[in-house]
Amino acid sequence: MAATPPNPAASAPRRKVSRHRGEGQWAAGHFTPLNGNEQFKKDDDGLNVRTRIETIYAKRGFDSIDPNDLRGRMRWWGLYTQRRPGIDGGKTAILEPEELDDTYFMLRVRIDGGRLTTRQLRVIGEVSQEFARGTADITDRQNIQLHWIRIEDVPEIWNRLEAVGLSTTEACGDTPRVILGSPVAGIAEDEIIDGTPAIEEIHRRVIGNPAFSNLPRKFKTAVSGSPLLDVAHEINDVAFVGVEHPEHGPGFDLWVGGGLSTNPKIGQRLGAWVPLDEVPDVLEGVISIFRDHGYRRLRTRARLKFLVADWGTEKFRQVLEDEYLNRKLVDGPAPAQPVERWRDHVGVHRQRDGRLYVGFAPRVGRVDGTTLAKIADLAEAHGSGRVRTTVEQKMIVLDVTEEQVDSLVAGLESLDLTVHPSPFRRGTMACTGIEYCKLAIVETKARGASLIDELERRLPDFDEPITINVNGCPNACARIQVADIGLKGQLVLDDNGDQVEGFQVHLGGALGLEAGFGRKVRGLKVTSEELPDYVERVLKRFQAERADGERFAAWAARAAEEALS
């Protein structure tokens, strides 16, 4: 009998075998929560926290709130704890959440498509005045945010908002966030297609639906038929962009996988044309892919953009068609390059019905409850009672006649809401910043407002479109990477070697069909106090060196580093 050959596996040292957990994708059978966020979502749907807020927390007070509700599920109803006053930016990443938490909340009112009636706007203003110390910020996602909200007041605030058709449902959290829409949908003369019916149907099917209330992370949607490309479609998880198909007529070009934060990516075209009545089906397909295949293991990779980057657009479209829609999508054209540089609808513009709409610019989106009520009064007196918010922290009054325009403009100007703003007033945005945000490192709103004033004083003849986006941390809520001048808040050293508030500078970012991220010049950091001097210096160099018709972004891409410092 032949001898049995030795077994190498038996003689080798035995290694411990561990089962690969993958990325926590449900479609791969990985349902075991791999982090605390996934655990609390599995323990209880975030939508269910409303009952506890109404029956327990609002009656027993802040100290009665369960930590997983306080810093987790309450976001499903638009509530974040705000930053405790007096904590400097150097402690943002050091302190525990309970040390940063104030006993007050930010409350986000979702405004899908930016559509408001004056009655709704007035109620938001009243809630601001009565419950939020007068605070109100228009965001770059068409929402309005209030601060200083007490948990005891939340049920009454919901009652008032819902009585006029507003809500805070899934305004935050790992959910389908507000649906961006063209603020002049169904109104503008040059519109390709009105996406309003799709937004309404998406809202009906998706918002508050438990089938979509546990996503890997937030999911952002945009729908616009405007040729101005006015909803920042390039940086949304899914976007439907108005196009004219040569055979099928007006519809939407489908984009997926956009997003900023600390790992920014421009959305990708799937090359598919979607008719208006199929937009909600396709949206459900895309959000279902995210729910089922999205990465849940690491929060830093839990956005759709990472799945799209790994799969590629061809595979993504194939999975969407074969596994979720059960039909092929029609190939279609890309959107045309917009002819206008500004996409915010500020100014006086003709509607398709012959009336006019009037867009105006608050300072960096900051208003207050009293101002919102006065805007409602002006809109009722001069229009039909319809107002809109934009993705550039602006507002619009619709349905104004020729005879009413001058009076409306004068009324808005008296509130410091200019219809004919300087490029600096028009193009500067700012996030919430350290005043209220627990993630922020520096102050932003007041800094942005003072920067506008300084640049208007120093460069009164500057008339080139310019975007200056001020962000309090690296998370890019104010879209720093796609601004002409993007300012990312951080602590820097001043000339005396002291640590002070300042910014890392990004130059030459852009949205549009030439979308791209700004250039970072090595070592270029600016203190908050030096900011007006720096921006003035760079803009003067741009004016001196630009070629005829050259945009700031193009100049910044080719300029020598010394010209940008």
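A crossing of two helices is left-handed if the near helix is turned anticlockwise from the far one by less than a right angle, and right-handed if clockwise. Helices (H or I, at least four residues) and strands (E, at least two) are DSSP runs, numbered from the N terminus. This is a predicted model, in which local features need pLDDT of at least 70, side-chain atom pairs count only at pLDDT 80 or more, and totals for chains, interfaces and linings use all residues. Residues are numbered from 1 along each chain as its sequence is written, and side-chain values use heavy atoms, with hydrogens and water left out.

**Helix H6 and helix H7**

- The axes of H6 (residues 118-131) and H7 (residues 154-163) come within 9 Å and cross at roughly 165 degrees; axes are lines fitted to C-alpha atoms, for helices over the stretch in contact, and angles run from 0 to 180 degrees between N-to-C directions.
- H6 is therefore roughly antiparallel to H7 (angles under 35 degrees count as roughly parallel, over 145 as roughly antiparallel, 65 to 115 as roughly perpendicular and the rest as oblique).
- H6 passes H7 in a right-handed crossing.
- Residues of H6, including Val-123, Ile-124 and Phe-131, meet residues of H7, including Ile-157 and Leu-161; contact means heavy atoms within 4.5 Å.
- The residues of this contact of H6 with H7 divide into seven nonpolar, no polar and four charged (Ala, Val, Leu, Ile, Met, Phe, Trp, Tyr, Cys and Pro count as nonpolar, Asp, Glu, Lys and Arg as charged, and the others, Gly among them, as polar).

**Helix H6 and helix H12**

- The axes of H6 and H12 (residues 369-382) come within 7 Å, crossing at roughly 160 degrees.
- That angle makes H6 roughly antiparallel to H12.
- H6 passes H12 in a left-handed crossing.
- The contact of H6 with H12 has seven nonpolar, six polar and three charged residues.

**Strand E5 and its partners**

- Strand E5 (residues 144-149) is mostly covered, with six of its six residues buried (buried means under 20% relative accessible area, exposed over 50%, partly exposed in between, with a 1.4 Å probe and protein chains only).
- E5 runs antiparallel to strand E2 (residues 101-109), joined by four bridges; two strands pair if DSSP finds at least two bridges between them.
- Arg-108 stands opposite Gln-145 in E5, and Gln-145 is also the bridge partner of Asp-137.
- Strand E4 and E5 form a hairpin with five residues between them, and Gln-142 in the turn has a positive phi of about 70 degrees.

**The open sheet**

- Six strands form an open sheet in the order E6-E7-E8-E9-E10-E11, with mixed pairing.
- Its edge strands are E6 (176-181) and E11 (330-331), each pairing on one side only.
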